[in-house]
Amino acid sequence: MDFTLTDEQELLRGGLTRFLATRYDLEKSRTAAKTGPGWQPEIWRAFAEELGILGAALPEEAGGIGGGPVEMMLIAEALGHALVIEPYVDTAVVAAGLLHRAGGDTATALVEKIVAGDAVVSLAATEPTSGEHWRDVSTTARRDGDDWLLSGAKIVSTATPLAGHVLVTARTAGERADTDGISLFLVEIDSAAAGIELHSYRTIDDRRAADIVFDDLRLPSAALLGHEGGAWPSIARARDEGAAAICAEAVGCMRKALADTVEYCKQRQQFGQPIGSFQVLQHRMVDMYMEVEQAAAAALLATLKLDGDADDRARAVSAAKATVGRAARFVGQQAVQLHGGMGMTEELAIGHYFKRLTALQFEFGSTDHHLTRYAELTRR
C-alpha cells in the first residue's frame, strides 16, 4: 500500500505547520482558555480564510475543497502538535459530517457557514445514564402540532459554550437502547430561552464543555435533520470519524511531547553530564518512540478505513483508539517523569500536553470501551 502523500496534501500540512509555528502561541491560548472567552476567534477565522482547513476534508458539493479522511488526519495531527484548543474536531469533522449527510437547506447553509468560519456547531450525544453508548438515548422529542418538544439531559458536550448551534440526539420512537428511532435535531443555543438550561465549564485540558437540560424545548419542524428515527447510521459514522481524528491529534501531541523530552534530556545536567547520556533514560525514550510510531500506524489505518464497510471501519477505529489510548498514557507519563517535578507546572508546555493526552483517552469512547467493542466485532 502506498502511504505517500500527494503534492496537495504536502502543501496542506506544510502550510498549516508553518502557520501554527509562527502564529499560534501556547501561552496566549492558555490565557484565552482560562480567563478569556475559551478560544481565539481570530485564529478560527484564519483557519477558514487564510488556510481553508475547515472545509479541507469536505466534498466540493458541501462547500469544501474535495479532500477526505487523509486531509482530516493531517490537519488534526498538526493541531495536536501545537496543542490547539479551537474546536476543529467537534465542528469541522463531527458536526459538519452529520450536517452534510443529513442534507436539506438548513443543514447545507450551516455547513457553508462552518467552512467560512462563521459558525461553530457542537454535538450533544452523551447522557448521564448512557455511559459510553451513544445509542442509549433517553432524551425524547415528541410532536406538538407542527413543532417538536424536546426533553432530557446531555452531559459533557464539548465546544457547546463556544457554539451557536448544537446537534442533539433524541428518541422519537423505539426503546431506550434501540438504534432505530433515534433522530437528530438542530438547536440554536440560547441559555435565556424557555426550556433549555446550560451549565458551562472548563475541562482539565483547557477546553470548554457544557451539560444541557431540555424541558419541553419547543423546536420548529425544520429542526429535525434527515429522516425521523433514522439518524443512527450517520451518528455511528460521526463517532468513528471523531475518534479517528482524535487519534491523529494524539499522535501530534505525542510527537511534540517526545521531542520536548529528548531536548530536555540533552540539556539537563546531573553528575556533570546530560541526563540523556544515561542508558536507562535512553531506553525510556526509545520505548516512547516505539509507542508513538505504533499509534501513528494505527491512526493511519483507521483513517483509511473511514470510507469503507461499517464493520471494517468500526474495527479499525476501535483498534486505533485502544492503541493510541495506551500510547498516550505511557508517553504522557514518561514525559512528565523525565522532566521531573517541573513537568506538571503551568509554565512548562509538557504539563499541558500531559493533560490533553489524558483527556484524549476518553473522548469518543475510552480505551476500555474500544477494547470491548473490538472484541465484539472480531467475533462476528
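Domain bounds, as used here, come from an automatic or database domain assignment. On that basis the protein chain of this predicted model is divided into domain 1 (7–119), domain 2 (123–229) and domain 3 (232–379).

**Domain 1 and its annotation**

- A UniProt record, which is an unreviewed entry, lists residues 6–104 as "domain: Acyl-CoA dehydrogenase/oxidase N-terminal".

**Domain 1 against domain 3**

- Taken over C-alpha atoms, the centres of domain 1 and domain 3 are separated by 21 Å, and the contact between them involves 18 residues of domain 1 and 28 residues of domain 3.
- The size of an interface is often given as the accessible area lost when the parts come together.
- For domain 1 and domain 3 that area is about 1,900 Å², of which 72% is on carbon and sulfur atoms.
- On the domain 1 side, His81, Leu83 and Arg101 lose the most area to domain 3, and together they account for 27% of what that side buries.

**The largest pocket**

- The largest pocket has a volume of about 770 Å³, and its lining is made up of 40 residues, of which Asp90, Val156, Thr158, Glu363 and Phe364 are the closest to its centre.
- At least two lining residues come from each of helix H4 (69–81), helix H5 (88–102), strand S1 (121–124), strand S3 (147–158), helix H7 (232–267) and helix H10 (349–360).
- Sorted by class, the lining of the largest pocket consists of 21 nonpolar, eight polar and eleven charged residues.

**The largest cavity**

- Rolling a probe the size of a water molecule over the atoms shows where empty space is left.
- The largest cavity holds about 40 Å³ of space, and the residues that line it are Ile246, Cys247, Lys321, Val324, Gly325, Leu360 and Gln361.
- H7 and helix H9 (310–339) are the elements that give two or more residues to this lining, and H9 gives the most, with three residues.
- By class, the lining of the largest cavity has four nonpolar, two polar and one charged residues.

Technical notes
Residues are numbered from 1 along each chain as its sequence is written. This is a predicted model: local features need pLDDT of at least 70, side-chain atom pairs count only at pLDDT 80 or more; totals for chains, interfaces and linings use all residues. Side-chain values use heavy atoms; hydrogens and water are left out. On a 1 Å grid over the protein atoms alone, a cavity is a set of points where a 1.4 Å probe fits but cannot get out, and a pocket is an open set with protein on both sides within 12 Å along at least five of seven lines; lining residues have an atom within 4 Å of a point. Grid points are joined across faces, edges and corners, and a volume is the space filled by probe spheres set on the points. Helices (H or I, at least four residues) and strands (E, at least two) are DSSP runs, numbered from the N terminus. Ala, Val, Leu, Ile, Met, Phe, Trp, Tyr, Cys and Pro count as nonpolar, Asp, Glu, Lys and Arg as charged, and the others, Gly among them, as polar. UniProt positions are given in the numbering used here, feature names are shortened, and annotations may be inferred rather than shown by experiment. Contact means heavy atoms within 4.5 Å. Buried area is the accessible area (1.4 Å probe) that two parts lose on being put together, summed over both.
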